[in-house]
Amino acid sequence: MMPPRTFKNAPIGRRAVLALPVLLLLGAGAGAAQTLAASTAPAAIDRAVAAFTGAAIGTPGGARMASDPRLQLAPCGGPLAVSWHTPAKSAVAVECPGPTAWRVFVAITPAQGPATAARPAAPAVKRGDAITILVRGRGFSVQQPGEAMEAGMVGDWIEVRTSRKAQGLRARIERPGLAVVPAG
């Protein structure tokens, strides 16, 4: 009985045939690594968004979270183009002009500064102001003059009363001079 041949003892031609699949697998792995290295890194998108917004990831005005590290985008031949995607500045568009164009959208954490700056400094209703109190329900509404017992902005809930001796009610300021009490 003849002992089985090992790779070491195989003839040269046979060694080449056995080694070819191994080399092909190694070559495919190297090609995949080159493709991965040649793709646009998610960290590059994060850096472009941070430079555009002037805020770090997770901070007000910056990206809500880092780009997914599994994201595989075609390599970008030039610098990334970054612009606001929404008028409310809640998302940023990051684009690659070519040779293989792509675009991703990054959500932005709302900035605290502009939201508070947009709010008017003066209250819509001041304590003691004469207002109209509107009771609104399904299919009906009743209004009568009243007085604001607190100051407040549009959308705030304040205490109001209909006469000097009346008990106070909670009402929402709908606009200057008008407070609404929802019924039922």
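## Surface and basis of the model

The accessible surface of the chain comes to about 12500 Å², and 61% of this area belongs to carbon and sulfur atoms; the areas were computed by the Shrake-Rupley method with a 1.4 Å probe. Of the 184 residues, 24% count as buried, where buried means under 20% relative accessible area, with a 1.4 Å probe and protein chains only.

This is a predicted model, in which local features need a pLDDT of at least 70 and side-chain atom pairs count only at pLDDT 80 or more, while totals for chains, interfaces and linings use all residues. Residues are numbered from 1 along each chain as its sequence is written, and side-chain values use heavy atoms, with hydrogens and water left out.

## Confidence

The pLDDT, which is the predictor's confidence in each residue from 0 to 100, averages 77 over the chain, and 73% of the residues score at least 70. Over residues 13–37 the pLDDT is below 50. Beyond near neighbours in sequence, this stretch has five contacts in the model, a contact being heavy atoms within 4.5 Å.

## Overall architecture

The chain contains three helices and eight strands. Here helices (H or I, at least four residues) and strands (E, at least two) are DSSP runs, numbered from the N terminus. In order from the N terminus, the elements run α-α-β-β-β-α-β-β-β-β-β. Among contacts between residues at least 6 apart in sequence, 41% join residues at least 24 apart.

## Two nonpolar cores

A nonpolar core is a set of buried Ala, Val, Leu, Ile, Met, Phe, Trp, Tyr and Cys residues joined through side-chain atoms within 4.5 Å. The largest such core has 13 residues, and those with the most contacts inside it are Ile45, Val49, Val92, Val94, Trp102, Val104 and Val106. Helix H2 (42–53), strand E2 (91–96) and strand E3 (102–107) each supply at least two residues of this core. A second, separate core has 10 residues, including Val125, Ile131, Ala148 and Ala179.

Not counting residues up to four places away in sequence, Trp102 touches Thr40, Ile45, Leu73, Ala74, Leu80, Val94, Glu95 and Cys96.

## Strand E8 and its partners

Strand E8 (residues 178–182) is mostly covered, with four of its five residues buried. Two strands pair if DSSP finds at least two bridges between them. E8 pairs with strand E4 (residues 130–137) in the parallel sense over five bridges, and Leu134 stands opposite Val180 in E8.

Strand E7 (residues 169–175) pairs with E8 in the antiparallel sense over three bridges, with Arg175 opposite Leu178 in E8. E7 and E8 form a hairpin with two residues between them, and Gly177 in the turn has a positive phi of about 90 degrees.

Conventions: Buried < 20%, exposed > 50% of the residue type's maximum accessible area, 1.4 Å probe, protein only.
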